[in-house]
Every structure is written in structure tokens, then in C-alpha cells.
Amino acid sequence: MEESMELYFSPLACSMSSRIAIYEAGGEAEFHCVDTRTKRVLADDSDFWALNPLGMVPVLRTEEGELLRENPAVLQYVADRFPAAGLAPAGGLERSRLQQWLNFIGTELHKGTYIPLLDEKAPAGAKDYARGKVALRLGYLDRHFQDQEFLLEKFSVADAYLVTVLNWSQASGIDLSEWPAVQAYFKRMIKRPSIARALTEEHALYAEEMERRKAA
Ligand SMILES: N[C@@H](CCC(=O)N[C@@H](CS)C(=O)NCC(=O)O)C(=O)O
């Protein structure tokens, strides 16, 4: 029997974008929940540091047993693994355009803006610095979505990543109503079946994680 890919994830974290991509493609995968505070894999209490020396999700184990890290790489692997789903352009300028968006989301939004706002350990100065970056970045997206439905011509893994990050807006103190086209995009995206399913499942897992942390 062929092995399926395995995704190490944490509920509602950036790894949710790969779950969305797998659901969107109708692909098979095993999902392993990681507590990113204790760095343990929940199901077998194994050491997550052994899978990622940085202690971060996502980590993907391919069907061949190779470990792959870094969200844009994992997302493109998933897209290429299920080519019929058309979640990434096969090559050429359009593939570079996908990478342009994945890098924008990963660096400018995820790490540069949202993480300092979300991270309770980030000092006030880091939060102010990140807050100062919100308007330019979301304004850029807002102009894009004024006449575009998706980041590319059609739904891609970049949309899966963007919706995952925008989902942290409320917790980050970012009011998306200031960017109406981004807000409309977000509201459209969360109705998409693959995204609605991933959100429902990961919200439930997140609630369990909060209970576990309270009990610890
Ligand atoms: N550069 C990494 C960043 C991944 C990342 O920030 N993961 C977060 C969740 S969204 C995480 O695991 N944080 C736990 C930690 O930093 O210890 C990637 O693109 O995969």
C-alpha cells in the first residue's frame, strides 16, 4: 500500500494552509498535531525538535519519507503532488508570480507584521514597529482585490496561505473593515468548502489546545 504524506501542524497556525490545499485537491494525508510550546507531537509524545531544528510547523513528510520544511516550499510540494487540482501554475512567469505572493505573505505579512502583533513575548516596541507596517501591506492587497477574485487568475496555494494569515487579524488587533476589498476577499474565502472545513476542524483542535494549556 502506498504511504500518504504526513503533515505536522498546530491548530490555526500557518500549517493550516497546507491542510486547505490537501482538502482542495481531495488528497490523502495524515495529520499530526504538534504542541509548539512543548515541542511534542501529541499522538505519540515524540520530540518535534527531531523533525524541525527550529521547532516550527509546518513539517511535511513526503510519501518517500523525506522531511520538508518552510511553508512556501511545503505548499508548492502539495500543489505539485496533486497537479490535477491546479493549485500552482506549472512553470514560467506565472509560477514566479505565485512565488512572489508566497514570499510576500511569508515575509511581509506573516513574519513581519502578524507574528510580532500576536506573540505575547514580543516587546511593545516590536508591536509598534509591526503595527506601522499594516497599512502599506494591507492597502497593497486591497488595491489588488478591488478587481481580482484571487491572488492569481484562479485559486492557488497562495490564497490558502493568505486566508490563514488574515484569519489572525482579530487576534492581532487588525480591523479588516479598513480594507474593504481584503475583508470581502476574506469573507468569500472562508465560505469555500476546503477552507470552511479546515477552519471548523482546526478551531475545535485549538479549543482543545487551550484547555490542555489551562490544565497544565
Ligand atoms: N519560516 C517558517 C515559519 C513557520 C512559523 O512561523 N510557524 C509558526 C506557526 S505559524 C510556529 O511553528 N511557531 C512556533 C515557534 O516559533 O516556536 C515557515 O515558513 O514555515
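What is the strand order of the open sheet, and what is its pairing? This is a predicted model, so please keep that in mind throughout. The sheet has six strands in the order 4-3-2-1-5-6, and its pairing is mixed. Strand 4, residues 46-47, and strand 6, residues 67-69, are the edge strands, each pairing on one side only.

Strand 1, residues 5-9, runs antiparallel to strand 5, residues 59-61, and three bridges join them. Within that pair, glutamate 6 stands opposite arginine 61 of strand 5.

Next, helix 3. It covers residues 92-118, which is 27 residues. At 1.5 Å a residue it should span 39 Å, and the end C-alpha atoms are 36 Å apart, so the two values agree. The helix does have a kink of about 40 degrees, centred on histidine 110.

Helix 3 also brings us to the largest pocket, where it gives the most to the lining, with eight residues. Helix 2, residues 71-81, and helix 8, residues 193-215, each supply at least two residues as well.

How many residues line this pocket, and which lie nearest its centre? The lining has 37 residues, and Ala13, Thr36, Ile115, Leu118 and Trp168 are the ones nearest the centre. By type, the lining divides into 16 nonpolar, eleven polar and ten charged residues. The volume of the pocket is about 1,300 Å³.

That is what I have on this one.

Terms used: Residues are numbered from 1 along each chain as its sequence is written. This is a predicted model: local features need pLDDT of at least 70, side-chain atom pairs count only at pLDDT 80 or more; totals for chains, interfaces and linings use all residues. Side-chain values use heavy atoms; hydrogens and water are left out. Helices (H or I, at least four residues) and strands (E, at least two) are DSSP runs, numbered from the N terminus. The expected span of a helix is 1.5 Å times one less than its number of residues. The bend at a residue is the angle between axes fitted to the seven residues ending there and the seven starting there. On a 1 Å grid over the protein atoms alone, a cavity is a set of points where a 1.4 Å probe fits but cannot get out, and a pocket is an open set with protein on both sides within 12 Å along at least five of seven lines; lining residues have an atom within 4 Å of a point. Grid points are joined across faces, edges and corners, and a volume is the space filled by probe spheres set on the points. Ala, Val, Leu, Ile, Met, Phe, Trp, Tyr, Cys and Pro count as nonpolar, Asp, Glu, Lys and Arg as charged, and the others, Gly among them, as polar. Two strands pair if DSSP finds at least two bridges between them.
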